[in-house]
Amino acid sequence: MAKLHSKPQIHSSSLNFLDQLKENNNREWFNEHKEEFLKEQALIEVFADGLLQDLNVDDVIETPSGRKSVYRIYRDTRFSKDKTPFKTHWSGSFRRATRYRRGGYYFHIEKGNSFIAGGFWGPSAQDLKQIREHIGFDATPLREIIQSGSFISTFETLKGEQLKTAPKGFNADHENIDLLRYKQFLLIRRFSDEEVLNERFLAQATLTFKNMRPFFDYMSEILTSDINGIEI
């Protein structure tokens with residue numbers, strides 16, 4: 001079986017299947033090609049298993065297997081104007097263990113739009129308040145991380161949705177207003193199709209995740225302690 005003998009890498013057949021799915025995004029075609037889908041999904045699960053194994057070398061991941069990390073191909077169309085039933089990308093995520101390890105890892109494989117990402121997509125109101133309090137008090141540790149050579153070479157800059165004005169409780173001329181406006185805190189590195197299909201992509205994806213750790217460690221610390229460093 002493909003899952004038993006495949007190396008943990010992305011195969012061109014997996015991207016080609018997505019191309020076919022984009023052209024035939026309907027249940028009838030999908031059911032006729034279900035066996036092909038299962039074969040390609042198994043290859044993606046092998047890749048995800050490789051990622052999980054590498055992540056657990058330097059981190060503690062709660063997600064039990066690569067298979068469990070991979071998202072379903074079926075779209076939830078209940079509240080969407082787009083009623084096509086299937087996603088046209090492969091994706092998955094890994095959850096870090098315990099409340100003391102914040103931040104999540106995500107991979108997205110799609111021809112012309114593949115990326116490795118991580119961070120805080122939808123922080124709760126309480127978490128966002130706490131992050132802003134720490135940034136407002138002293139943003140130096142965060143700036144040192146996002147201005148480091150490894151961060152810039154990997155992610156270029158911190159990304160995510162931002163407020164157009166100052167958040168409640170902060171003046172528009174605050175010295176750290178550029179960071180205080182963030183509502184999301186995302187780290188994203190994009191890859192070309194050639195890079196994704198290279199046998200070294202697993203190593204590059206793992207390195208990308210590893211370079212997120214200083215940011216995650218900072219966020220984990222400030223989300224589990226007050227501005228005086230006392231655990232909450």
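Author: Start with the contacts of S69. Set aside its neighbours within four places in sequence. S69 is then in contact with A48, T63, S91, G92, S93, F94 and F107. This is a predicted model, so keep in mind that the positions come from a prediction. Where does S69 sit? S69 belongs to helix α5, which covers residues 66–69. Is S69 buried or exposed? Its relative accessible area is 1%. Buried means under 20%, so S69 counts as buried. Now look at the side chain. The side chain of S69 reaches the backbone oxygen of G66, at 2.7 Å. G66 falls within the residue range of helix α5, 66–69.

Now take a residue at the other end of the scale. A125 lies in helix α6, residues 125–137. Its relative accessible area is 66%. Exposed means over 50%, so A125 counts as exposed. A125 also shows how sequence and space can part ways. A125 and K183 are 58 residues apart in sequence. In space, their C-alpha atoms are 9.6 Å apart.

Next, a pair of helices. Two packed helices are described by the angle between their axes and the distance between the axes. Helix α4 spans residues 34–58, and helix α11 spans residues 201–210. They pack at an angle of about 40°, and their axes are 10 Å apart. The crossing of α4 past α11 is right-handed. Which residues make the contact? From α4 come F47, G50, L51, D54, L55 and D58. From α11 come F201, L202, A205, T206, F209 and K210. Sorted by class, the contact of α4 with α11 has seven nonpolar, two polar and three charged residues.

Finally, step back to the whole chain. The protein chain has twelve helices and four strands. Its C-alpha trace spans about 60 × 40 × 30 Å along its principal axes. Of its 232 residues, 46% are buried, and S69 is one of the buried residues. Contacts across the sequence can be counted too. Take contacts between residues at least 6 apart in sequence. Of these, 67% join residues at least 24 apart.

Terms used: Residues are numbered from 1 along each chain as its sequence is written. This is a predicted model: local features need pLDDT of at least 70, side-chain atom pairs count only at pLDDT 80 or more; totals for chains, interfaces and linings use all residues. Side-chain values use heavy atoms; hydrogens and water are left out. Helices (H or I, at least four residues) and strands (E, at least two) are DSSP runs, numbered from the N terminus. Buried means under 20% relative accessible area, exposed over 50%, partly exposed in between (1.4 Å probe, protein chains only). A polar contact is a pair of N or O atoms within 3.5 Å; within protein, one must be able to donate a hydrogen and the other to accept it, and residues adjacent in sequence count only if both atoms are side-chain atoms. Contact means heavy atoms within 4.5 Å. Axes are lines fitted to C-alpha atoms, for helices over the stretch in contact, and angles run from 0 to 180 degrees between N-to-C directions. A crossing is left-handed if the near helix is turned anticlockwise from the far one by less than a right angle, and right-handed if clockwise. Ala, Val, Leu, Ile, Met, Phe, Trp, Tyr, Cys and Pro count as nonpolar, Asp, Glu, Lys and Arg as charged, and the others, Gly among them, as polar.
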